[in-house]
Amino acid sequence: MGKQRTKKVLVVGWDAADWKVIEPLMQQGKMPALKKFIEEGVYGRIQTLDPPLSPMLWTSIATGFRADRHGIGGFIEPLPDGSGLRPVTTTSRKVKAIWNILNQVGKRSNVVAWWPSNPAEPINGVMVSNLYQVANKPLGKEWEMPKGTIHPESMIDELKDLRVHPQEISLSMAAPFIPKLAKEKELKKEKRSIGIAKVIAHAASVHAASTHLMEKKDWDFMAVYHDAIDHFCHLTMRFHPPRRPQISEEDFTTYSGVVEAGYRFHDMMLERTLELIDEDTTVILLSDHGFHSDHQRPLYIPNEPSGPAVEHSPYGIIAMRGPGIKKGGVEISGTSVLDITPTILALYGLPVGKDMEGKVIYQAFEDVSPAEYIESWEKVEGEHGMHSQEQQEDPWAAQEALQQLVELGYIDPLDENVAEQVAKAKRESDYYVARNMINGGRIHQAVEILERIFEESKITRYGQRLAFAFLELKWYLKCQSLIAELRILEKENHRKTLERAKKQKAEGKKLLYDDEHPIWREEVEEPLYLDYLEALLLLAINQPWKAEPILKRVQKKNLTNPDVSMNIGKIFLMRKKYAPAEKEFIRALAIDDRSAQGHYCLGLSYLRRNKTEPALDEFLTAIQQNFYVPTFHYHLGETLVRLNDFESAVQAFEVAIRLTPGMAKAHKWLHKLYSEELNDPKKAEHHQRFLEKNIRGEVVVVTGLPNSGATKVLQMLQAGGQEILVNSGEDLNDTTKPEQEYSLIVKLRKDKAAISQARDKAMKVFVQNIMNLPEHYTYKVIFVNRNLDEIVSQQKKIMAKVKKNALPMDAVYNFQEQLNKMDNWISANPNVRKLNVEFNDLLDFPKETSEVIADFIGKDLNTKAMTSLIDEK
Amino acid sequence: MKEKKEFKVTAEGSLGILALGAVGIRLWRQAKEEKEKTKGKTKRSENGKTKN
């Protein structure tokens with residue numbers, strides 16, 4: 001057993017809750033229960049997963065796994081016999097949820113309305129499924145509970161009368177949400193207000209069931225899930241203040257208070273919930289994702305499955321309080337929805353599954369003794385209270401819930417052609433799972449899925465994700481050709497949609513698009529993601545000067561994507577243009593002021609301009625947002641050195657080393673500070689010894705096929721101030737002789753230690769010999785690529801002149817084979833980094849290419865001198 | 001000691017009563033039933049008056 005920190009845990013789920021809405025409400029005293037709650041514990045942002053779809057996320061929260069492992073792939077799933085669709089069920093979950101694990105260790109759990117939790121699982125305790133609150137009959141008619149809603153069935157009678165029917169919601173209950181309509185007694189007049197009443201009723205039903213169980217039943221673990229904030233937001237966030245020009249005054253007046261009222265209602269429910277727990281209970285309150293409430297609110301919801309998820313933001317909320325948890329409103333950072341199950345296990349002192357994808361949130365704990373681990377809870381035998389694989393539920397019982405998903409716009413209405421609909425739904429689910437896999441770094445497997453579903457359907461959303469995945473895998477050629485295909489498909493899709501819309505308009509049918517919608521433009525511009533993708537591709541292949549204008553074009557049209565400004569800023573950073581870099585990072589932070597990377601990059605721009613005080617602020621903010629990035633601490637250290645605060649600098653470098661053991665530059669600083677500033681020779685020696693013993697030398701290797709231009713790059717490096725190695729008697733300027741590689745590379749076949757001669761220097765090596773480099777060193781390889789025809793023609797010229805010693809033509813034609821071998825060697829060696837340089841770029845864009853090379857080498861090379869070497873020629 | 005709050009529970013109900021959870025729902029249902037009963041009595045007595 002690990003250290004037990006608590007006896008009981010209560011998890012309260014608020015779907016889509018977001019600090020951006022909560023913080024001002026707390027400041028105004030409108031959410032007193034939550035304010036008090038976080039002041040007594042810890043709080044912070046929690047990162048969602050992609051795609052931010054609630055059934056997948058809440059299952060990740062309850063299991064510690066992503067969708068490809070837990071098995072819940074979206075909102076709906078096909079019926080086992082393929083005859084239709086149904087909302088996702090617990091029978092599809094492939095792994096144990098936290099309550100199943102707790103079941104195995106003899107703990108009692110109550111679970112209310114978790115998504116999905118139908119059919120209710122036979123656990124030791126009570127499970128009230130997510131169909132409990134859904135009214136399937138008008139008020140006054142017998143409102144039966146679908147089979148499987150409650151376990152054990154003996155609880156049905158005492159729970160069924162606690163449900164609130166939407167038609168029971170009175171004017172005084174709705175008044176805080178829609179005071180104008182309540183005053184005018186028009187609550188049931190239009191669809192939106194009926195929707196609001198329904199959401200209030202659902203929340204009240206779930207809260208009534210959970211408070212009943214808290215009062216009447218013994219429990220060790222309790223989990224209650226509310227979807228109401230998400231639903232209030234989808235219904236009315238567009239009317240939330242501030243009013244945007246496209247929202248009418250009347251709608252704004254009527255619905256601008258719904259979101260606020262929804263949060264305040266949850267605060268009231270939280271207050272009651274907290275009254276019902278004892279002091280042995282640790283409470284975790286969280287959401288699965290956030291919800292855009294400001295200028296990032298989308299103007300249009302894409303007309304596609306799960307389109308409304310575009311309103312979700314990537315950060316939700318987490319707050320914890322009670323035994324085992326730090327007190328005093330401590331902010332925590334870097335948490336993920338995957339961390340909840342491991343953290344609950346650690347709170348109980350139970351081992352965490354090594355196969356779980358999340359981590360224990362130790363920063364929330366008072367006592368950080370490490371948790372114990374087991375290989376996997378899946379292998380642990382014993383009664384877990386899951387359904388048997390064979391068990392199926394009555395699909396028709398779920399139809400009302402399915403209809404609600406249609407109403408919310410999450411899924412399309414069912415087609416007559418059910419088989420096609422099921423196939424479409426399956427593909428869509430595969431798409432979500434593939435995105436989830438990409439999010440977890442399982443990109444190769446995701447690509448297999450995406451290639452298949454894109455090929456089957458030619459749906460551009462699938463192609464878009466596939467192109468980003470190709471980019472991630474560095475499959476640049478595939479990415480490039482897919483971008484070209486997507487450009488054609490997007491144009492074709494636009495043409496078809498426009499024709500359809502025109503036809504519907506002519507027939508006087510109700511249209512999905514208002515007059516301002518871009519669909520009405522005859523010549524629609526290509527979607528921005530294609531330009532963005534292309535820019536990222538250009539960045540990846542080291543052509544930032546081509547990426548920059550495209551990114552700026554994207555930035556002009558899309559003001560809500562901070563990554564665009566971040567990428568432009570990084571290009572400026574690389575080019576040492578710190579003032580414009582600063583502007584871009586400020587622009588990115590104006591969109592997402594909690595981006596750790598944004599604060600870090602801004603700090604770096606300040607630091608490079610000697611604005612040390614503001615740099616300090618930015619690095620500290622970045623660390624507050626995400627403590628676990630070693631470079632944040634390293635640059636904080638550098639800043640503190642400039643401020644002559646050597647003791648704090650030492651602390652920062654020490655943290656950087658703890659996070660990345662062996663970070664040479666931090667050891668160098670520590671050696672310097674202990675010996676020169678802090679008079680601690682013992683510690684200085686420790687770091688010196690460490691550097692001598694563990695840090696490998698670094699060698700710059702310039703490579704390419706003979707006559708590809710590698711010599712030119714070597715000369716540029718020399719002009720920039722980099723020390724280079726050349727054979728005695730070799731004249732780098734003589735282009736009439738066959739190109740040579742540095743002779744050391746041959747010697748290395750027999751004497752690996754000879755590499756020390758090349759430490760911190762640059763040398764030229766032919767592609768086919770690069771594998772001779774000993775693996776205990778670190779290499780930066782600059783690969784110079786040149787058109788094969790040009791290489792052959794150059795080779796012919798030289799052969800004609802010298803008649804001998806030139807590279808045989810076969811070797812030239814074996815270029816691809818050699819290149820593959822080199823790439824395999826590089827990918828197998830983590831201590832090797834490679835930069836591709838196109839020879840033609842070197843000639844056409846010498847300044848820009850010099851900047852890229854200098855950035856890659858990481859030294860302060862003289863790029864002007866490097867550029868002039870090419871210009872002179 | 002937790003501070004005791006007093007609620008006036010009407011048949012119309014309120015968000016506050018819903019936020020009380022199970023206890024609130026029961027009290028609200030009770031208030032509605034009582035109102036129904038009172039309504040019935042009034043009607044009966046009104047009917048009686050008419051008869052008389």
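These legends describe close-up views of a predicted model.

**View 1. Four strands of chain A form an open sheet.** The strand order is β17-β16-β18-β19, and the pairing is parallel. Strands in a sheet pair through backbone hydrogen bonds, either parallel or antiparallel. Here β17 (762-766) and β19 (832-838) of chain A stand at the edges. Each has a single partner strand, so one side of each lacks a neighbour in the sheet. From one strand to the next, the twist averages 25°.

**View 2. Strand β16 of chain A pairs with β17(A).** Strand β16 covers residues 698-704. Five bridges join β16 to β17(A), and the two run parallel. Look for A:Val702: its bridge partner in β17(A) is A:Lys764.

**View 3. Helix α29 of chain A lies across the sheet strands β16, β17, β18 and β19.** The helix spans residues 710-720. Strand β18 spans residues 778-785. Helix α29 runs at about 145° to β16(A).

**View 4. Strand β8 of chain A is largely enclosed by the rest of the structure.** The strand spans residues 221-226, and six of its six residues are buried. Both faces are covered. On one side sit A:Phe221, A:Ala223 and A:Tyr225. On the other sit A:Met222, A:Val224 and A:His226.

**View 5. Strand β8(A) pairs with β1 and with β5 of chain A.** Six bridges join β1 (residues 8-14) to β8(A), running parallel. In that pairing, A:Gly13 has A:Tyr225 as its bridge partner. Strand β5 (residues 109-112) also pairs with β8(A) in the parallel sense, over four bridges. There, A:Val112 has A:Val224 as its bridge partner.

Note on methods:
Residues numbered from 1 in each chain as written. Chains lettered and ligands numbered in written order. Predicted model: local features only at pLDDT ≥ 70, side-chain atom pairs only at ≥ 80, totals over all residues. Pairing = 2+ DSSP bridges. Axes fitted to C-alpha atoms, helices over the stretch in contact; angles between N-to-C directions. Contact = placed C-beta atoms within 7 Å. Buried ≥ 20, exposed ≤ 12 C-beta atoms within 10 Å, placed from the backbone.
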